[in-house]
Amino acid sequence: MNPSRNEILNRVRAALSSTTRAPVSPLPASARVAPRVAGDADAEIDSMLAEIARLGGTTRRVASRDELQAALRELVQVERVKKATLWQ
């Protein structure tokens, strides 16, 4: 490590160790929202697609692996995708 980085880290460590533990403030009433109960898979997908549309996105629901491959091929061509990442 370089000396400047060590100096910064040492200052941060010193500052963190010298602070007194203040009690945590309670959450405001506006933050107390009950978690949403998930619906069935189709309803969840419809909800997600609707939210994406509200945010200005474009969605397409495909029914088969072949439709997915065709949709991805079209997307790559239309958007001129040069690089992509895939995770599973």
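Predicted model: local features only at pLDDT ≥ 70, side-chain atom pairs only at ≥ 80, totals over all residues.
Trainee: OK. How many helices and strands does the secondary structure come to?

Mentor: Three helices and zero strands. Along the sequence, the pattern reads α-α-α.

Trainee: Is the protein a compact globule or more spread out?

Mentor: More spread out. Its radius of gyration is 24 Å, while the globule rule gives 12 Å for 88 residues, so the protein is more spread out than a compact globule.

Trainee: What does the C-alpha trace span along its principal axes?

Mentor: About 60 × 45 × 25 Å.

Trainee: Let's walk the chain. Where is serine 25 found?

Mentor: In the loop between α1, residues 3–18, and α2, residues 41–54.

Trainee: Is serine 25 buried or exposed?

Mentor: Exposed. Its relative accessibility is 59%, and the cut-off for exposed is over 50%.

Trainee: How far apart are serine 25 and proline 35 in space?

Mentor: They are 21 Å apart, C-alpha to C-alpha. In sequence, ten residues separate serine 25 from proline 35.

Trainee: Next loop. Where does glycine 56 lie?

Mentor: Between α2 and α3, in the loop. Glycine 56 counts as exposed, at 64% relative accessibility.

Trainee: How far is glycine 56 from serine 17?

Mentor: In space, 46 Å, C-alpha to C-alpha. In sequence, glycine 56 and serine 17 are 39 residues apart.

Trainee: On to α3. What span should its 15 residues have?

Mentor: 21 Å, at 1.5 Å a residue. The expected span counts one less than the number of residues. The end C-alpha atoms of α3, residues 65–79, are 21 Å apart, which agrees.

Trainee: What comes just after α3?

Mentor: Arginine 80, with a positive phi of about 55°. That is a positive value in a residue other than glycine.

Trainee: Is arginine 80 buried or exposed?

Mentor: Exposed, with a relative accessible area of 67%.

Trainee: Which residues line the largest pocket?

Mentor: Among them are Thr58, Thr59, Arg60 and Val62. The lining also includes Leu68, Ala71, Leu72, Glu74, Leu75, Val78 and Glu79.

Trainee: How many of the lining residues are nonpolar, polar and charged?

Mentor: Six are nonpolar, two polar and three charged.

Trainee: One more on helices. Why do residues three or four places apart point the same way?

Mentor: An α-helix has 3.6 residues a turn, so residues three or four places apart point the same way.

Trainee: Back to α3, then. Which residues does that helix cover?

Mentor: Residues 65–79. Leu68, Leu72 and Leu75 are among the residues that line the largest pocket.

Note on methods: Residues numbered from 1 in each chain as written. Heavy atoms only, no water. 1 Å grid on protein atoms, 1.4 Å probe; cavity = no way out; pocket = protein on both sides within 12 Å on 5 of 7 lines; lining within 4 Å. Nonpolar A, V, L, I, M, F, W, Y, C, P; charged D, E, K, R; others polar. Helix = DSSP H or I, 4+ residues; strand = E, 2+ residues; numbered from the N terminus. Rg over C-alpha atoms; globule rule 2.2 N^0.38 Å. Buried < 20%, exposed > 50% of the residue type's maximum accessible area, 1.4 Å probe, protein only.
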